[in-house]
Amino acid sequence: LCLQVPELEKATVRIRQPERVRGIIQALREQGVAKLQVISDFDMTLSRFGCNGRRCPTSHNILDTSRVISEDGKKKLKDLLHYYYPIEIDPNRTLEEKRPLMVEWWTKAHELLVQQKIHKGDIAQIVRESEAMLRDGFKEFFDQLHKNNIPLFIFSAGIGDILEEIIRQANVFYSNVNVVSNYMAFNDDGVLTHFKAPLIHTYNKNNTVLQGTGYFQQLSTRTSIILLGDSMGDLTMADGVPSVENILKIGFLNDKVEEQRRRYLDSYDIVLESDETLDVVNGILRHILTV
């Protein structure tokens, strides 16, 4: 496998069933470009988890810590994060326990943001001033997919307006990129009034929030999938695809590596531990696309 995709020799790579993974990659290659689509999470998957020992912001963090949020608002948003984030990544709680609590967190956070009377016109500047970073190798990733007309579906529990702006400012928001996320609604004066439904959180990224979009139906011939995520909730992102023939699940294990390793190796085909690059993904794509 490493002969075909040398990037898999990186020290950050862990694979529980190498033979199985080789079979999937081989099948993706044989099925060809016309059948391939990529489904990816955004925050901490396409964007970096950290840089020089510091955490990079998620699309929510970018807004939460920006100059358009009052000090009181920042404090309340931080308190929510400190209360709910440990629940989100707690390996000992079931998804059934977590789901209602995630809805609670997102709802409260969105209500706080609405109270801040955020202006649509400020978003580009907020992103420009932030420390948002896409993973190293992002340009090759987006360029390869665009050049080969491979649809990239970004399924995010973050804030769509912010993450679209990040991609736009990186000059990779191509026509093959489609985003489903939490979008803001503004009034005629450009002031945030509410977030559009449905609410997408870490653990409902599946068909329930895609109903009515028909996105995967339009791509019914795209039966080969590369799925990229960084949480257990991301594993269901391909649930709406009508008929999956081959799926390769690549998981970025960013946080609490020792505690979460086993679960990630049980769930993802390839696990990338504390890897801030898209090297492995790009290597696999190069191998699949050079036939």
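**Notebook: helix packing, sheet and loops**

I began with α1 and α10, which pack at an angle of about 45° with their axes 8 Å apart. The two helices are therefore oblique to each other. I listed the residues in this contact: Ile25, Gln26, Leu28 and Arg29 come from α1, and Ile284, His287 and Ile288 come from α10. Sorted by class, the contact of α1 with α10 has four nonpolar, two polar and one charged residues. I note here that the model is a predicted one.

**Entry: α6 and α10**

I then looked up the other helix pair that involves α10. Helix α6 covers residues 138–147 and helix α10 covers residues 279–289; they pack at an angle of about 25°, and their axes are 10 Å apart. An angle under 35 degrees counts as roughly parallel, so α6 and α10 are roughly parallel to each other. I recorded the crossing of α6 past α10 as left-handed. On the α6 side I found Glu140, Phe141, Gln144 and Leu145, and these meet Val281, Asn282, Leu285, Arg286 and Leu289 in α10. The class count for α6 with α10 is five nonpolar, two polar and two charged residues.

**Entry: α3 and α4**

I turned to helix α3 (residues 71–88) and helix α4 (residues 95–115). They pack at an angle of about 165°, with 10 Å between their axes. That angle makes α3 roughly antiparallel to α4, since the cut-off for this is over 145 degrees. The crossing of α3 and α4 is again noted as left-handed.

From α3 I wrote down Lys76, Leu77, Leu80, Leu81, Tyr84, Tyr85, Ile87 and Glu88 as contact residues. Their counterparts in α4 are Lys98, Leu101, Met102, Glu104, Trp105, Trp106, Lys108, Ala109, Leu112 and Leu113. By class, I have 13 nonpolar, no polar and five charged residues for α3 with α4.

**Entry: the sheet**

I traced an open sheet of seven strands with mixed pairing. The strand order is β1-β11-β10-β9-β2-β5-β6. At the edges are β1 (13–14) and β6 (177–182), each of which pairs on one side only.

Within the sheet I checked β2 (residues 36–40) against β5 (residues 152–159), and they pair in the parallel sense over three bridges. I looked for the partner of isoleucine 39 in β5, and it is phenylalanine 153.

Helix α1 (residues 18–31) came up again here. Helix α1 lies across β2, β9 (224–229), β10 (246–253) and β11 (270–273). The helix runs at about 125° to β10.

**Entry: the β7 and β8 hairpin**

I looked up β7 (residues 184–186) and β8 (residues 192–195), which pair in the antiparallel sense over three bridges. Methionine 184 stands opposite phenylalanine 195 in β8. There are five residues between the strands of this hairpin, and glycine 190 takes a positive phi near 75°.

**Entry: backbone points in loops**

I noted a cis peptide bond from alanine 197 to proline 198, with omega near -5°. Proline 198 sits in the loop between β8 and α8 (215–218).

I also noted asparagine 52, whose phi is near 50°, a positive value in a residue other than glycine. I placed asparagine 52 in the loop between β3 (50–51) and β4 (54–55).

**Entry: cysteines**

How many disulfides does a search of the whole structure find? My search of the whole structure gave zero. I then checked cysteine 51 and found that the nearest cysteine sulfur, 5.4 Å away, belongs to cysteine 56. For cysteine 56, the nearest cysteine sulfur is that of cysteine 51, and cysteine 56 is in no disulfide.

How values were computed
Residues are numbered from 1 along each chain as its sequence is written. This is a predicted model: local features need pLDDT of at least 70, side-chain atom pairs count only at pLDDT 80 or more; totals for chains, interfaces and linings use all residues. Side-chain values use heavy atoms; hydrogens and water are left out. Two strands pair if DSSP finds at least two bridges between them. Helices (H or I, at least four residues) and strands (E, at least two) are DSSP runs, numbered from the N terminus. Contact means heavy atoms within 4.5 Å. Axes are lines fitted to C-alpha atoms, for helices over the stretch in contact, and angles run from 0 to 180 degrees between N-to-C directions. Angles under 35 degrees count as roughly parallel, over 145 as roughly antiparallel, 65 to 115 as roughly perpendicular and the rest as oblique. A crossing is left-handed if the near helix is turned anticlockwise from the far one by less than a right angle, and right-handed if clockwise. Ala, Val, Leu, Ile, Met, Phe, Trp, Tyr, Cys and Pro count as nonpolar, Asp, Glu, Lys and Arg as charged, and the others, Gly among them, as polar. A disulfide is a pair of cysteine sulfur atoms within 2.5 Å.
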